[in-house]
Amino acid sequence: MRFKHTAITLALITTLSACGGSGSDDSSTETPVEPTTGFSFAATEMITNLTDDVIVAGYANLAAEGDALLLLATQALLSASATQADLVAAQNAWKSAREPWEQGESHIFGSVDSLSIDPHLDSWPLNTTDLQTQLDNNSGFDAETIKAWNDDVQGFHTMEYLLFGNGVDSNTKLIADLTTSEREYLIALAEVFRDYATLLDDAWQVNYNAENETAIPYADLLKSPGDATNTIYSSQLAVIEELINGMIGIVDEVGNGKIADPFGDSISTADTSKVESQYSWNSLTDFANNIIGVRNVYQGEFTGASDNTGLVDFVAAADATLAARITSEIDDSILKIQAISGSTDMPFRQAILDEDGRVLVQSAIDALTTLQTSLESDVLPLLSDWNS
Amino acid sequence: MNKLLRQPYWFAALIGLSLSACGGSGDDGTSEPVQPVDPVVTYPNYTSVIALGGDTTTFDANSSGHGFSTPSVNLTEDELELHLEGDANFEASFTTAPNDQHPELDGLDPVFNNADCNSCHQRDGRNSTPSVAANETRIKLGSADGIFLRISKASAEPCTQGTAENNYCAPIKVPDFGDQLFHRGVLKARADWQDNSFIGQADVYLSYERHDVVYSDGQTVSLKKPIFEVENPYDAPGETKQSANVTSNLLQDDVLMGWRNGMPVFGLGLLEAIPEASILANVDADDSNNDNISGRANWVFDAIKAQNGDVTPVSLGRFGWKANTPSVRVQSLGALRGDIGITNPLFPEESVLGTSLHDSYLTRTGFVDTGEGVDGAPEASAEFSDAVVFYAETLAVPARRNVDDGDVREGARLFEQLNCSGCHTPSFVTKTSGDIGGIAMSDSLKSQTIYPFTDMLLHDMGEGLADGRPDFLADGNEWRTRPLWGIGLTQTVNPQAGFLHDGRAATLEEAILWHGGEAQQSTDDFMALSQDERTQLVAFLMSL
C-alpha cells in the first residue's frame, strides 16, 4: 500500500511538473484514470451491518448490563441481611458486564474515546490506598461525587476489587467481609457505570455531542461517509480503514500489552500487578472477549448469530484464501488464550508464574503476533487495491 | 491586505469556465456550445500535494481516527523501537506517591491537570471540548477535561526586551500558585482534603457565551466562547471573585488567565527541523510590505541552553499556542513536569515547589513525594524522558485525501486568493543536519519538503481571540499561526474536538470566522464569498 501511494504521489508530482507547477492550469491537463487492477466490493451493506448489528448492538448490551448490575447491586447488597448468594450474583453480574465491554474494545473509536469513557471505566492498576482512605473517611457515597474523583478509584476494577477481594490467593470473598462502606461505595460505582454505559449508548444511537442538540447519532456518521455534512468520515474507505485499524489495535494491545507486559521476559520479571482483572481472575475471559470482538467485526455478527456481512466479505472479494486464513488465525488466537488455563483451570496471574503456564502464554502471544502481522501486512494494504 | 489579490470580474468568469471544464458546479448542461477557450486559472502549487510530511508521511491511517498515531514511515528499526517505547510512556498513567509496586509511575504531583499525556492529546490529537448540556449553565472541570488555564500577574509595562533581570520576559508567576492553574489534585493535595478530595489549587468552571454571525446571503453561524470562573482556591477555601473580601492571591484583579487546549502532537520534529533562518525570513514586525500582516518571532527562555550553561539561554519560540517553548524537548518535558507533575532531567523540581500548598502537602503526607526518587534522581528517568520526546518528534503527518476533488481544488485557489497563505505559509524544507532539542536529529527528519501551512510566527488575531496575557514577547492579542496539516482529520480522531486555543470553534468555518486582527481582511473576504465558495475553501482545509 505504501508503494502504491508513493507511486500516486510521484505521478502527481510529474503532472505538476508537466504543467509547470505553480501558475499553470493543471486542471485542464488531467484525464480520469480508470482502474485497471484491484478489486470491487460494495461496502454499504457491510458498513451498515457492522455499525448496527455489531457496534451499536454491543453498546446496547453494555447499557443493559449496566442497568442489571446496578439493580442487582442495589437489591443484593444494600440489605444488611444480604447472603453469600447475593454477593455471588453481583460478582456474576460484574462478569456479564465485562463481556460486551471487552468485545467492544475491538472498535475503540468515536464516542468511547471522546467522552473519556474508557479511562473512567477501565483504569488499572488501582490506587487502593486512596480507595481505603475514602472508605474509612466517608459514608453515603453518591455517583456524582465519585465521578469527580480520580479514575484509579472508580470503574470496573474498583468494583472488582470490592466484589472479589485482592485476588492474590483466591477470587472469592465472604459477604461478611464486605463492609457497609464498601457496599455503599459499590452501589455508587454501579450507578457511575450505568450512567457512562447509557451515555455511550446514547452517543451512538441518539446524539454524539451533548454540546450540540442537532448532532446526529455517531452510528449515522459511520453509515454516511462522504456526505457533505459528515466531518468525521470522508469516504467508505475511511470507515473500513477505521475498522481494520481498530482490530489491529486490540490485537496489538492484548498480545503486546495485556499479556506481554505482566508476562515479562522470565518468571523473575513477571509482574502480577500489571494483570487486568487480577482480582476476579477473569483475565483470560477478558482477553478472549477482546479477540472475540475482533471476530465479531470480521465476521459481521456475534458468535452464534446468523451469518451477516462483515470484513471477511471485503477481504474475500480481494483474496478468498486470505479471508479464510484470517478467520483461522482469529479462531486460533482465541483458542490459545483460552488454553492458557490448562487442565487445572489456572488463572492468568498464576500462569505467568508457572513454567508450564508460561509455555501456553507464549503460544497465545505467538498466535496474536501472527494475526497482527496478517492484519497489518495483508489486510490493511487491500484498501489501496479496492476500487471504491 | 488582500487588495492585490482581489480578482476582477473577468477572473470570476474564467473561474466559472474552469469549473465547467472540471465538471464541477456552475454548469447545468443546457448552455449553448461555446468556442473552446484555454482557461487560465491559477492553482497554487500545493493544490495536488499529498505527502505533507515528506518522506515521513503515513498513508496507512490517513483517513481514519488513527491518523495522528502512526510512526513516521522512514524510521530505522532502532528508531521505531524507541518510538514505540515512547508511545507506551505517552499513555502511562501516573499515580500518587508512594506506589510500592510501580515506583517508576508514582509522583503524580499533588496538583495537576491530568495524569497522563494522552488525556490532553487524545489519540495524539486535540482534547474534547467540554460539553455544557442544555439544562446546565456551567460545568466544573474534572478528570475528563483536557483544557486548563494559564495564569500570571500583569506587568506594569509591556516586556519588549528579554534580559536575565526580567527573566527573559517570562510570564510573572502568581505568588503561591505559579503560571499554570492545576484544577485537579491527589486525594490529600489540600489541607482541607476531606471536604475537597482530589481538588487542586482551585475549582475551575466553564460556561459558554454565544453570538451569531450572519452572511450577506442570510446564512447564520452561531459562535461560542468559553468563559471561566475560578473559585474555592486553596489559600482561601470557598472564596470567589464576588466574595466581600477577596484575600486569595489567585483571585486578585491583576491576575491574568487564559484557556489552553492540548494540541496535536504529530509532525513536531519536522517543525523543529525548519531552519531558523527560513522562519525569520518571513518576519515583518513593522509590516514593511504594507500587507497588514506583521509576523513576529517570539524569543523565549530555553531550559536546555540554561542547563548547558549558556549565558543567554534564549531561543526562537516554536511550540505552544504563543510559541513560548523552543523545542519538542522543552515542550514535552515541561508538560510532563507541569501538566502532570513528574519531575525529569530537564525540569528536576516540582512546578509548585515552595508554595504553601506543596509545603503543607509534604508535611501532611510525610515527605514521601518530594519530586525525587529514592536515589535522588528526578521521578522520570532520562530513558523515559528521551523516549517520550522522540515519540512526539516522530509521529507521522497523515497524507492528504481527495486532492482531485473539484471543490478541494477550488478551495486551494480560494485559500490563496484570500491570502490565508499570508500566515499559513504552505511549505518549508527542513535542515540537512544539526540538532533538535540539543540532540542530533534523526535522519528521518532531514531535508524533507514539508507542507505544514504555518509560518511559525506570532500574529495579532484581534480582540475576539485575545486572552490579554503576554507570554515572553507575545502580547495578549498574539498567537502563533497554527499548522493546518492534518486539520481535516481532527474530528475523525476525536469527534468532540474543537479548534483554536480553547476549542471554541466546533467547525473549521467557525474557526475562520473567529480570525480577526491581521487576518480580518481574509475573514471579511471569506464572508463575501458565495456559500458554494465557502464550502470549497472548507473542503480544501478538510483535505489537509
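In chain B of this predicted model, three strands build an open sheet in the order β4-β3-β8, with antiparallel pairing. Strands are DSSP runs of E of at least two residues, helices are runs of H or I of at least four, and both are numbered from the N terminus. Two strands pair if DSSP finds at least two bridges between them. β4 (180-181) and β8 (255-260) of chain B lie at the edges with a single partner strand each, so one side of each has no neighbour in the sheet. Strand β3 (residues 148-153) of chain B is joined to β4(B) by two bridges in the antiparallel sense. Leu149(B) faces Leu181(B) of β4(B).

Residues are numbered from 1 along each chain as its sequence is written, and chains are lettered from A, ligands numbered from 1, in the order in which they are written. Local features need pLDDT of at least 70 and side-chain atom pairs count only at pLDDT 80 or more, whereas totals for chains, interfaces and linings use all residues.

The average pLDDT (the predictor's confidence in each residue, from 0 to 100) of chain A is 89, and 91% of its residues score at least 70. Over residues 1-32 of chain A, pLDDT stays under 50. Where pLDDT is low, predicted coordinates should not be read in detail.

An automatic or database assignment sets the domain bounds. Chain A comprises domain 1 (44-217) and domain 2 (236-385). Their centres, taken over C-alpha atoms, are 24 Å apart. In chain A, 27 residues of domain 1 contact 32 residues of domain 2 (C-beta atoms, placed from the backbone, within 7 Å). On the domain 1 side, α2(A) gives the largest share, seven residues.

Note on methods. Contact = placed C-beta atoms within 7 Å.
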